[in-house]
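Visitor: I would like to learn how to read salt bridges in a model. Can you take me through some cases?

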Amino acid sequence: MNLKINTSVESAISLKDAMGVRTAPAAKDLIRARENNAITCLACGHRCFIQPGREGVCRVRFNVAGELRVPFGYVGALACDPVEKKPFFHFLPGRDVLTFGMLGCDFHCGYCQNWVTSQMLRDPSAAAAPKPCTPDRLVQLALDSGAGAIASSYNEPLITSEWAHAIFTQARRAGLACAYVSNGNATPEVLDYIRPLVSAYKVDLKTFNPKHYRQLGGVMEHVTETIVMLKERGFWVEVVTLVVPGFSDDAEDLTRMADFLAGVDPIMPWHVTAFHPDYKMTEGYRATTVDDLLRVVEIGRSAGLKYVYPGNLSGRVGDGEDTRCHKCNTTMVRRRGFEVLENRLLAGGACASCGTVLPGIWE
């Protein structure tokens, strides 16, 4: 369900000017003051050194006379839809989530499906506009929509963590769970900042090829370190890898990725999802097939991962979208795409067959 905020942006000012007036000072936990009014930003793994009058890699966090200004008070995208779409399969299955996004990103992925919001300051063809709103308004929309949670997504939530923090503070008071849908380019400081409010965190582990990660604007080791830090801090973590033929589908890379994930936690869900040509990767790349996905599922299972889910090819992967108990292998949650057809989990996520508590956050 798409939702609308009944506000408008003044057409007489540029997009960047419109964003510039919708800012707030950065959280003290996410900055380090340097000489001559320079600042090191700690919101993402780039750790940008930002001098007065300059901006970070994300282009939405900028230094004004020694004060780091950050996005605040608007949304660039807003929807209420199934939690399985994020995707989360072990976090309130079957519930809807109010999902909001802002503008900008610290990566520049050529296949980004949310490029209209994430790349709007890099790509003149991206035309998303900020729509002013308040945390109270967003939380009320979530409650009115019957959502069980609220999530930051669509752009990179790490670079807009102050805004998420304000919303999630209100959301938690209203009894809503909170989640991040992120590229995982985090720092210990930003994870500590959001941990009291964020329960579930989805990480895009895009490839296990460091060179390919650099092409996307990131550093692979930053993301793998984030996954470890998230688990250490007690977040519920699910990992997603978009299987792009010719880019992120190398069998050796995927085997090393699966081994890494199993070494962190073998019952941490791994979603391997199908690619379709999009944005700047529409030529020279083919769509992912069912066989492609099932091959990666077997790589994950061979590494010892208990919950490997093929995605984006609804109804074409057999029972691969279902959740089965990792102890007795009995199906507990049946799905077709983003729809939960049956949920047999007992209170607290216990298996109805053997009583084992499945990993996750349940009703």
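Guide: Start with burial. A residue counts as buried under 20% relative accessible area, as exposed over 50%, and as partly exposed in between. Keep in mind that this model is predicted.

Visitor: Is Asp-265 buried or exposed?

Guide: Asp-265 has a relative accessible area of 15%, so it is buried.

Visitor: Which residue forms a salt bridge with Asp-265?

Guide: First the general idea. Side chains of opposite charge can pair when their charged atoms come close. Here Asp-265 pairs with Lys-231, and the closest N and O atoms are 2.8 Å apart. Lys-231 is partly exposed, at 23% relative accessibility.

Visitor: What about Asp-319 and Arg-324?

Guide: They form a salt bridge too, with 3.7 Å between the closest N and O atoms. Asp-319 is partly exposed at 46% relative accessibility. Arg-324 is buried, at 17% relative accessible area.

Visitor: How far apart are the closest N and O atoms of Asp-204 and Lys-206?

Guide: They are 4.0 Å apart, and the pair forms a salt bridge. Lys-206 has 10% relative accessibility, so it counts as buried.

Visitor: Which residues are linked in a network of salt bridges?

Guide: Asp-81, Lys-85 and Lys-86 are linked this way.

Visitor: How many salt bridges does the count come to?

Guide: The count is 16 salt bridges.

Technical notes
Residues are numbered from 1 along each chain as its sequence is written. This is a predicted model: local features need pLDDT of at least 70, side-chain atom pairs count only at pLDDT 80 or more; totals for chains, interfaces and linings use all residues. Side-chain values use heavy atoms; hydrogens and water are left out. A salt bridge is a side-chain nitrogen of Lys or Arg within 4 Å of a carboxyl oxygen of Asp or Glu. Buried means under 20% relative accessible area, exposed over 50%, partly exposed in between (1.4 Å probe, protein chains only).
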